[in-house]
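These are my notebook entries on one structure. I set down what I looked up, entry by entry.

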Amino acid sequence: MTDTQSTIQHFAAGQSIFSAGDAADCAYLIQDGQVAMYSPGAEQPLAILPAGEIFGEMAVLDNSPRILDARAHSDCDLLVIKRSQILDRLEQADPVLRTLFEVLLSRLRSQVAPSLSPASPRYSAQETGTNPAINVGLEKIRLEADLLTALEQDEIQMVFQPLVNLKTDRWAGFEALCRWQHEAIGQVSPQEFISLAEETDIIVPLGIRIFEKACEFLHRLDQQANEHPPFFMSINVSARQLAEPDFVERIGAIVRQHGISPDRIKLEITETLMVDYQQARQLLQPLHDLGFTLSLDDFGTGYSGLQHLIELDFHTIKIDQRFVSTMFENARSLTMINVVTDMAANMDIEVVAEGIENAQQKRVLQALGVDLGQGYLFSQPLAAAEALEQLAKAR
Ligand code: C2E
Ligand code: CA
Ligand code: CA
């Protein structure tokens with residue numbers, strides 16, 4: 001039998017299944033018959049378990065010896081659940097859920113077998129600080145709480161990275177990117193805290209705050225730069241936000257408040273979201289209806305067929321930075337950029353290339369007809385004041 005296979009074992013009435021003190025290498029699901037659980041040496045069973053019950057799982061999860069005796073109460077068939085079948089799943093679970101689970105298990109064990117609690121260190125309070133699995137979960141719980149506090153205290157900052165018109169070499173707009181300087185940890189990468197925010201509901205108020213700040217900045221740009229055509233603002237939107245029933249209404253109200261025409265806001269939606277095409281269509285339609293510009297972010301990283309993208313009516317396609325960074329080493333990257341620019345030109349779709357870091361990349365992308373470029377070659381993301389200062393200098 002391999003480690004992951006389940007097997008049925010048969011026990012005759014009265015036969016021992018395991019005894020207190022035995023090593024625990026599996027749990028059991030009772031397929032047929034009944035199993036009696038006894039405290040060691042007791043005559044009367046603590047419990048008689050019918051078909052459908054699972055037993056013996058606690059010692060496996062707890063990585064400790066059996067604490068009760070188990071005997072077949074009648075003839076019975078037991079499905080063996082191997083240790084690895086249980087632990088592999090636990091390994092894959094979300095760290096927060098795992099921590100909560102382990103804490104619960106520790107509490108349960110101290111009730112079922114108080115005498116064993118101090119000796120089962122994996123779950124005792126003193127030991128949680130040294131258990132890596134629990135630590136990861138606890139850190140995540142703390143980070144989540146800190147993120148909520150940061151949001152309440154308005155500590156999430158915005159930076160704005162210019163997008164350059166590759167025909168005129170002038171700044172055409174900005175992408176709003178958020179930053180979190182955690183007082184103990186330092187900069188937390190947006191990938192990390194945005195995905196944390198997406199796992200919970202924090203992304204909803206955070207997303208609205210980001211939207212407000214980006215619109216405030218665009219309004220300031222209008223007042224100070226008076227650019228023609230006016231600057232646009234790209235704002236990243238996550239799936240969880242799109243699914244929020246009043247999202248569209250709220251962002252519509254924000255742009256109105258700031259006197260901004262919605263077509264100047266490019267909502268960046270990542271390609272990986274377009275997997276469920278029908279759902280994507282439903283979510284995007286109200287944004288189209290309100291007049292927002294839709295930009296397909298990270299293009300080339302998802303699995304969406306081109307046809308679907310066309311039908312979803314994106315105004316802009318943003319080629320993922322991995323194609324730009326490998327365009328000279330990997331012929332496929334260049335081919336892909338070529339195909340996308342050709343197709344987009346025929347359909348009046350704007351193409352943006354991100355992650356442009358050197359002049360050679362810029363030249364080739366320009367020659368291929370890419371409309372807008374973004375990357376460290378032009379500018380890092382800038383604080384609002386810095387961006388305004390640079391604009392003033394450029395005049
Ligand atoms: P993204 O939307 O693909 O954003 C582009 C990322 O590439 C940004 O990283 C930007 O700083 C970085 N970048 C810009 N130019 C270059 C370059 O020349 N070379 C390289 N190597 N990188 C460049 P950042 O700011 O760390 O953001 C990472 C991701 O976090 C974003 O990827 C986006 O998915 C997410 N994110 C950031 N801000 C927000 C936000 O306000 N809302 C949401 N929902 N997601 C956000
Ligand atoms: Ca983006
Ligand atoms: Ca991107």
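How far apart do the C-alpha centres of domain 1 and domain 2 lie? I find them 51 Å apart. I worked on a predicted model, in which local features need pLDDT of at least 70, side-chain atom pairs count only at pLDDT 80 or more, and totals for chains, interfaces and linings use all residues. Residues are numbered from 1 along each chain as its sequence is written, and chains are lettered from A and ligands numbered from 1 in the order in which they are written.

Entry on domains. I read domain 1 as 7–128 and domain 2 as 142–394; such bounds come from an automatic or database domain assignment.

Entry on α6 and α8. I looked up helix α6 (residues 203–225) and helix α8 (residues 247–257), whose axes come within 10 Å and cross at roughly 20°. Axes are lines fitted to C-alpha atoms, for helices over the stretch in contact, with angles from 0 to 180 degrees between N-to-C directions. Helices (H or I, at least four residues) and strands (E, at least two) are DSSP runs, numbered from the N terminus. The angle makes α6 roughly parallel to α8, a term for angles under 35 degrees. I note a right-handed crossing of α6 and α8, meaning that the near helix is turned clockwise from the far one by less than a right angle. On the α6 side I list Ile 208, Phe 211, Glu 212 and Cys 215, and on the α8 side Arg 250, Ile 251, Ile 254 and Val 255; contact requires C-beta atoms, placed from the backbone, within 7 Å. I count six nonpolar, no polar and two charged residues there. Ala, Val, Leu, Ile, Met, Phe, Trp, Tyr, Cys and Pro count as nonpolar, Asp, Glu, Lys and Arg as charged, and the others, Gly among them, as polar.

Entry on α6 and α14. The axes of α6 and helix α14 (residues 384–394) are 11 Å apart, at an angle of about 20°, and the two helices are therefore roughly parallel. Their crossing is right-handed. I see Phe 217, Arg 220, Gln 224 and Ala 225 of α6 meeting Ala 384, Leu 388 and Leu 391 of α14.

Entry on the backbone. Asp 169 is not a glycine, yet I find a positive phi of about 65°.

Entry on ligand 1. I find 23 residues around ligand 1, the closest being Leu 177, Pro 190, Asn 236, Gly 375 and Tyr 376; a residue qualifies if its C-beta atom, placed from the backbone, lies within 6 Å.

Notes. Angles under 35 degrees count as roughly parallel, over 145 as roughly antiparallel, 65 to 115 as roughly perpendicular and the rest as oblique. Two residues are in contact if their C-beta atoms, placed from the backbone, lie within 7 Å.
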